[in-house]
Amino acid sequence: MFLAGAAASGYLWLIRRRRDELEAGLKALADMRWRDFVHLVLQAMGARGLHRTYAPDEDARESQGVFTLQNDAGKRWLLACKHGSAYRIGVAPVVELASSVRLDGAAGGILATEGHAEKEGRDAAQSNNIELLGGRRLWPLLKPLLDAEQRQEIVGNATARARRHVAIAWLAALAAGTLTAVGIGGLMPDPPAPAPATTPAGEAPARAAEPVVPYVEPTEDEMEQQRQAVVKALPQVPGLVRGIWLTKLTLAVDREIPESEAWPLICQQVELYPDLRTTRIQLNPPEGSNEPVRWRQCKTH
C-alpha cells in the first residue's frame, strides 16, 4: 500500500505536475498576440546576451517572423519565430532558416515556437548550426518573463491539481490495502462471536458512517459546459452586465454596481462548480468610471 501510494505520488508530483504546467504555459503563450509573443522571445534572447539589431531588409524579415540579433562581440544570429502551438517543426523551416543564415553571413540561427520539434527537424537543426527551441525548451525561458499573476495562476493550478490527484492516489492505495487485509482476514478461522452490544434505553443506535464519494475530474467538454453556464448566468444577476472567458483560466466580468457588492455575486455563480473556484477573475469598472480594473480569485489553492 505504501509503495503504491509513494510511486503514484512521485509520478503525479514530479512528472504529471510539470507536464500540466508545461501544457498550460504553452497554451497561454499561444493565446498571446503575435507581437507580445515575439517581445517575450526577444527578451529571453536579450538575457542570453543577444540583442536585436536592424538590418537593411529588417521590415521584410519581420513580416516573415525573422529578426537579426547581435552579441557584444559583434557576431550576428537570425531568430525565426513560429507563433502557435499547432506548429510541427520538420526539415523545411530549419533548412529555410539555415539558407537565410548563410546568405546573411550570420554566425547561426535560432528557431523558436510553442509547437513541437519533430526528430527530423532536430536532426536538420543540429547539422545546420540552428538552435531549435520547441515548446518544451521554450517554456522555461519565457516563464520568468510572464506577468507575475499569470505565471502564479499557471503554476498554482498545476500544483493544486497535482495535490488533488496525490490525495486521490493515497485514498485509492488505502482502499486497496484495506481490501487486501479483509481478503486475508477471510482466510483465517472466525473468532468467537462477541456478545451482542446493547443500547441504553432512550438512546438511538449509532448511524453507520456515510461512504466517501471519490472525486472524478471533469472532462474538457464538461469544463467548457461549466464555463458557458457561468457566462449565461452572470448577465441574469442584477448589477452584472456580462462575463467573458479571456482564457480557460481567466474570466472577465463587467459590472454596474460597487465592487464590494459585485464580488460575492460573481463568486456565488463561479463556486457552483468546484473546478472553477480558483478561476482568475478580472473585474472591470462601470462604463465611464475612473476605477481601476481588479483581479481576484473566489478561492485560493
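Predicted model: local features only at pLDDT ≥ 70, side-chain atom pairs only at ≥ 80, totals over all residues.
Is E220 buried or partly exposed? Hold that for a moment while I set out the chain.

The chain has 301 residues, and 37% of them are buried. The secondary structure comes to 9 helices and 11 strands. Of the contacts with a separation of 6 or more, 58% involve residues 24 or more positions apart. The accessible surface is about 18,400 Å², with 56% of that belonging to carbon and sulfur atoms.

Now the salt bridges, of which the structure holds 16.

Start with E21 and K143, where the closest N and O atoms are 2.9 Å apart. E21 sits in helix α1, and K143 in the loop between α6 and α7, so this pair ties together parts 122 residues apart in sequence. E21 counts as buried, at 10% relative accessibility. K143, at 24%, counts as partly exposed.

Next, D275 and R164, with 3.9 Å between the closest N and O atoms. D275 is in the loop between α9 and β10 and R164 is in helix α7, so here the parts tied together are 111 residues apart. D275 is partly exposed at 23%, and R164 is partly exposed at 29%.

That leaves K248 and E220, at 3.5 Å between the closest N and O atoms. K248 lies in the loop between β8 and β9, E220 in helix α8, and 28 residues separate them. Back to the opening question: E220 is partly exposed, with a relative accessible area of 40%. For K248 the value is 38%, also partly exposed. Through shared partners, salt bridges join E220, E224, R227 and K248 into one network.

Definitions and conventions. Residues numbered from 1 in each chain as written. Heavy atoms only, no water. Helix = DSSP H or I, 4+ residues; strand = E, 2+ residues; numbered from the N terminus. Buried < 20%, exposed > 50% of the residue type's maximum accessible area, 1.4 Å probe, protein only. Contact = heavy atoms within 4.5 Å. Areas by Shrake-Rupley, 256 points an atom, 1.4 Å probe, with all protein chains shown as cover. Salt bridge = Lys/Arg side-chain N within 4 Å of Asp/Glu carboxyl O.
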